[in-house]
Amino acid sequence: MARMNMVQALNSAMDVMLERDPRVVILGEDVGFFGGVFRATEGLQRKYGEQRVLDTPIAEGGIIATAIGMGANGLKPVAEIQFADYIYPGFDQVVSELARLRYRSAGEFPAPVTIRTPCGGGIRGGQTHSQSPEALFAHVCGIKVVMPSNPYDAKGLLISAIEGEDPVLFFEPKRIYNGPFDGDPHKPAVPWSAHPQGEVPEGHFTVPLGQAQVVRPGSAVSVLTYGTMVHVAEAAVKLAGVDAEIVDVRTMAPLDVDTLCRSVCKTGRCIVVHEATRFGGYGAELVATVQEQCFWNLEAPILRVAGWDTPYPHAFEWEYFPGPRRIAAALKQVLEAT
Amino acid sequence: MTARSRLHVPSPPARPGQEPDFSYVQISPAGAVARPDVTAAARDIEDLSLQMVRVLDAEHRAVGPWHPHLDPEELQVGLRHMLLTRLFDDRMQRIQRQGRISFYIKSTGEEAVAVAQGMALRPTDMLFPSYRQQGLHVVRGRNLVELMCQCLSNTRDMCKGRQMPIMYHWLSGNIFTISGNLATQFPQAVGWAMAAAIKGEDRIAASWIGEGSSAEADFHHAMTFAAVYQAPVILNLVNNQWAISTFQGFAGGEHKTFAQRGPGYGIPGIRVDGNDFLAVYAVTQWAAQRARQSGGPTLIEHVTYRAAAHSTSDDPSRYRPKEEWRAWPLGDPITRLRDHLIALGEWSAERHERLEKELEAQVNACWKEAESYGTLAAGPNLDPLTMFEDVFKDMPANLQRQREELRALLQTAPAPAAEAPRAQQKR
C-alpha cells in the first residue's frame with residue numbers, strides 16, 4: 001500500500017495498465033513530455049515511449065475520433081480531455097459514434113475507449129473550467145459514466161474502465177485531486193495522505209463499475225451523491241447533526257439501483273446532491289428511480305440540492321456551489337416532513 | 001524508410017537544458033517579397049504563403065514594396081500602444097502572483113500582432129480575438145481600469161463576475177466576448193462578416209487563433225465558409241511556436257507553413273514576420289482593402305514567439321529552454337520599432353525611457369483606481385444574486401425561485417468571505 005492523492009492514483013492506474021497490457025495507449029493535449037496540465041500522466045511517456053503516450057494536436061473531436069479508430073484496430077486507448085468543459089467538440093464522436101459502434105455493427109466493431117476528463121468547480125475556473133456534464137453523457141446509451149470520490153476508487157475504477165470492453169466516460173472531480181474537500185474554501189486544505197482512502201495498493205486491483213458504495217451508514221435519511229459532493233455531504237450531515245446514510249453512486253451508468261434503493265427503503269427519506277445544474281441533471285434520474293422502487297417506503301418528498309440553473313460564475317462560485325448549508329437545510333426539510 | 005510503419009511523433013528542436021534552435025524558421029530577407037495588387041487572384045499569389053513578408057531590415061530601415069509609409073507620429077503611437085500593453089501585462093502578472101486576481105495571460109513578445117493590426121483596421125470593424133490580443137483594447141482606447149476591473153471581478157466588472165480574468169468584451173469598441181474554449185470565435189467572425197455583406201455594410205471582421213488551436217475543427221469551418229461566400233474577413237493565425245507544452249509541430253507546422261492552408265481553400269495565405277510592426281500593418285492593410293472590395297477573405301500567419309508562460313498556471317521551464325526567447329531570430333517587436341524610429345531620427349533612448357516611466361505611472365494610477373472598486377478577495381463584490389440575470393433575457397420561474405432561495409440563505413448567515421484566489425492550471 002502507498003499514500004496517493006487522486007492524481008497519483010490515476011497515474012498509477014495508467015502505469016499498471018501500460019505495463020500489463022501492450023494494447024493500452026494514452027493520448028491527449030500536453031499528456032506526453034509535459035505529463036499533463038494536472039500531472040496525471042507524469043513520467044509515463046519517459047517510461048513507455050512516444051508510441052504509447054502521445055501528445056496530440058488541440059482538437060478534442062480529433063482525439064476522440066482517433067481513439068475510436070485505435071480502439072477499432074485492437075488497441076485500448078485512454079484519451080484525456082484536458083477539461084470536461086472542452087469535450088463538446090468531441091460530442092458528436094461520443095454520442096453518434098463511440099456509444100453506438102458495437103450496436104450498429106452488430107457487435108463486430110466495438111471500440112473500448114476510456115475518456116478521462118477533469119470536471120467540477122471550486123478552483124476559480126469560471127464557466128469554462130468548472131462544468132460537470134455527466135448528465136449529458138449518462139443520457140447516451142452505450143457508454144458507461146464514472147465519477148470517483150477518492151484515490152482508492154479512482155485507481156480501481158480506472159483500471160476496470162480500461163480493462164472493460166465498453167467505452168467509458170471517466171469524470172475526475174479536480175477539486176479533490178489533492179485532498180477531500182468539505183465545501184468550506186476558507187479551511188486549510190486537507191491532503192489525501194490524512195484520509196483512509198488515500199491508502200492505495202501500488203499494483204493491480206479493481207473496483208467494479210456499476211457498484212455504488214455506502215460511505216456512511218445511517219438510518220434517518222439517505223443522501224445519494226458522487227464525486228466532490230460525497231465529502232461535502234459528509235460535512236453537511238455533521239453540520240445538521242442527523243443520522244444520515246451517504247451513498248456514493250460512483251457509476252452514473254450503469255446505475256447500481258439495488259444499493260441506492262436498499263438504503264432509501266430503509267431510511268424512508270432521501271435527498272440527492274450534485275454540483276451540476278439542477279434542471280435535467282443526473283439527480284432527476286436518481287429521484288425517478290428511487291420513486292419507482294421505494295414509493296411505498298417514502299415518508300417525505302425527495303429533494304435535490306444542486307448547482308443553480310446558471311453557468312458557473314467566476315466570482316460567485318461559493319454562492320453557486322451547493323455547499324454544506326444548503327445540503328443541511330434540505331436534510332432538515334425532509335426530516336421535518338410528516 | 002523502414003520495413004513497417006511507425007508513428008512520427010513531432011519533437012521540438014530543443015528541450016530544457018539544451019541550446020535553443022530556430023533553424024527550422026524560414027526567414028525571407030526584408031523587402032524581398034513582392035506585394036501583389038489587392039485584386040490578384042488567390043491562385044496567382046500562393047507564394048506569399050511560403051515566404052515571409054518583412055519590412056524592417058537589420059539596419060532598422062524600412063524597405064521593400066510592403067513598406068506602409070506611416071507618419072513618424074503614427075509609428076510613435078504604435079510604439080506607445082505596444083509598450084503600454086507590455087507594461088499592463090507585467091503589472092497584472094505581478095498582481096496575480098500576489099494572489100489578488102485568480103489568473104492572467106500575457107501577450108509578451110506578440111504585441112505587434114494586436115497593435116499593428118488594430119491600427120490598420122477601422123474602429124468600426126468587428127474584432128473576434130483569442131485571449132492573447134489585449135493590445136486590440138489598448139489600440140481602441142479602452143481605459144485600462146475597465147480591463148483591470150474585469151480581472152478583479154469587482155463592482156465594475158463588465159462581465160459581472162461571470163468570467164475568469166482576461167475574458168473581456170466591449171460592445172461599443174466592436175470587440176467580441178472572449179471564450180475560454182479555443183477556436184470558437186474563428187467561424188463566428190466569418191458569420192459576422194457574412195452578415196455585414198448581407199446587410200450591405202462597409203465593415204469587415206477580423207479574428208485571431210493560435211497555431212495550436214488551428215487543429216480544432218472550427219478552423220476548417222471558418223476557412224470553408226469564408227471561401228465559399230468570399231466573406232469580408234481577415235483570419236489571423238498567430239504562430240507563437242508554443243501551445244502550452246506542445247510546439248507548433250503538433251499543429252502540423254512541420255510539413256507546411258500555416259499560411260499554406262489558405263491556398264488549399266482558395267484563400268490567399270500570407271506569412272508575415274509577426275514581430276515586425278510595419279510588415280504586420282502592411283499585410284493587414286492589404287487584406288482589409290481586399291475584403292472591402294469584395295475580394296474575400298485572407299489568412300495571415302503571424303510568425304512570432306510566446307515569450308511568456310502560456311498563463312499564470314503554466315511553467316514553461318519544464319518543457320522548453322529558459323533562454324529560448326533571447327534566441328528568437330525575429331527579435332522583440334517593441335525594440336525593433338523603437339530602433340527604427342531612432343534610425344529615422346524620430347525617437348531617442350531618453351524619450352523611450354520617459355515614455356516607459358509615463359506609461360508605468362499610468363498603469364499604476366489605473367490599478368489604484370481599479371482596486372478602489374473592489375477586489376475579489378477583499379470586496380466590495382457584486383451582489384451574488386446577479387448571477388441569475390442574463391441566463392435568459394427574461395428570468396424564468398425556476399431561476400426566480402432559485403434566486404429567492406439564495407437570497408434567504410444569504411440573509412440567514414454572513415456572506416461567505418472570499419478566499420484567496422487559487423492558482424490552478426487553466427488553459
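Q: A residue is buried if 20 or more other C-beta atoms lie within 10 Å of its own, exposed if 12 or fewer, and partly exposed in between, with C-beta atoms placed from the backbone. How many residues of β14(A) are buried?

A: Please keep in mind that this is a predicted model, where local features need pLDDT of at least 70 and side-chain atom pairs count only at pLDDT 80 or more, while totals for chains, interfaces and linings use all residues. Residues are numbered from 1 along each chain as its sequence is written, with chains lettered from A and ligands numbered from 1 in the order in which they are written. Strands (E, at least two residues) and helices (H or I, at least four) are DSSP runs, numbered from the N terminus. The strand β14(A) is largely enclosed by the rest of the structure, because the buried residues in it number five of the five.

Q: Which residue stands opposite A:R216?

A: Follow β9(A) to its antiparallel neighbour β11 (residues 244-248) of chain A, to which three bridges join it. The residue of β11(A) that stands opposite A:R216 is A:I246.

Q: Which residue stands opposite A:I271?

A: Here the strands are β13(A) and β14(A), which run parallel and are joined by four bridges. In β14(A), the residue opposite A:I271 is A:L303.

Q: Which are the edge strands of the open sheet in chain B?

A: Five strands in the order β1-β2-β3-β7-β6 make up this open sheet of chain B, and their pairing is parallel. From one strand to the next, the twist averages 20°. Each edge strand pairs on one side only, and these strands are β1 (126-128) and β6 (269-273) of chain B.

Q: Are α5(B) and α6(B) roughly parallel or roughly antiparallel to each other?

A: Angles under 35 degrees count as roughly parallel, over 145 as roughly antiparallel, 65 to 115 as roughly perpendicular and the rest as oblique. Helix α5 (residues 185-198) and helix α6 (residues 217-229) of chain B pack at about 20°, their axes 7 Å apart. The two helices are therefore roughly parallel.

Q: How many residues of chain A are in contact with chain B?

A: Two residues are in contact if their C-beta atoms, placed from the backbone, lie within 7 Å. On the chain B side, 47 residues take part, and their partners in chain A number 41.

Q: Which helix of chain B gives the most to the side that touches chain A?

A: Ala, Val, Leu, Ile, Met, Phe, Trp, Tyr, Cys and Pro count as nonpolar, Asp, Glu, Lys and Arg as charged, and the others, Gly among them, as polar. This side of chain B divides into 24 nonpolar, 16 polar and seven charged residues. With five residues, the helix that gives the most is α12 (residues 397-412).

Q: Which residues of chain A does B:N181 touch?

A: Look in the loop between α4 (144-152) and α5 of chain B, where B:N181 is found. B:N181 has 18 other C-beta atoms within 10 Å and so is partly exposed. Not counting residues up to four places away in sequence, B:N181 touches A:D85, A:Y86 and A:T128.

Q: Is B:D315 buried or exposed?

A: B:D315 lies in the loop between β7 (298-303) and α9 (324-327) of chain B. Because B:D315 has 12 C-beta neighbours inside 10 Å, it counts as exposed.

Notes. Two strands pair if DSSP finds at least two bridges between them. Axes are lines fitted to C-alpha atoms, for helices over the stretch in contact, and angles run from 0 to 180 degrees between N-to-C directions.
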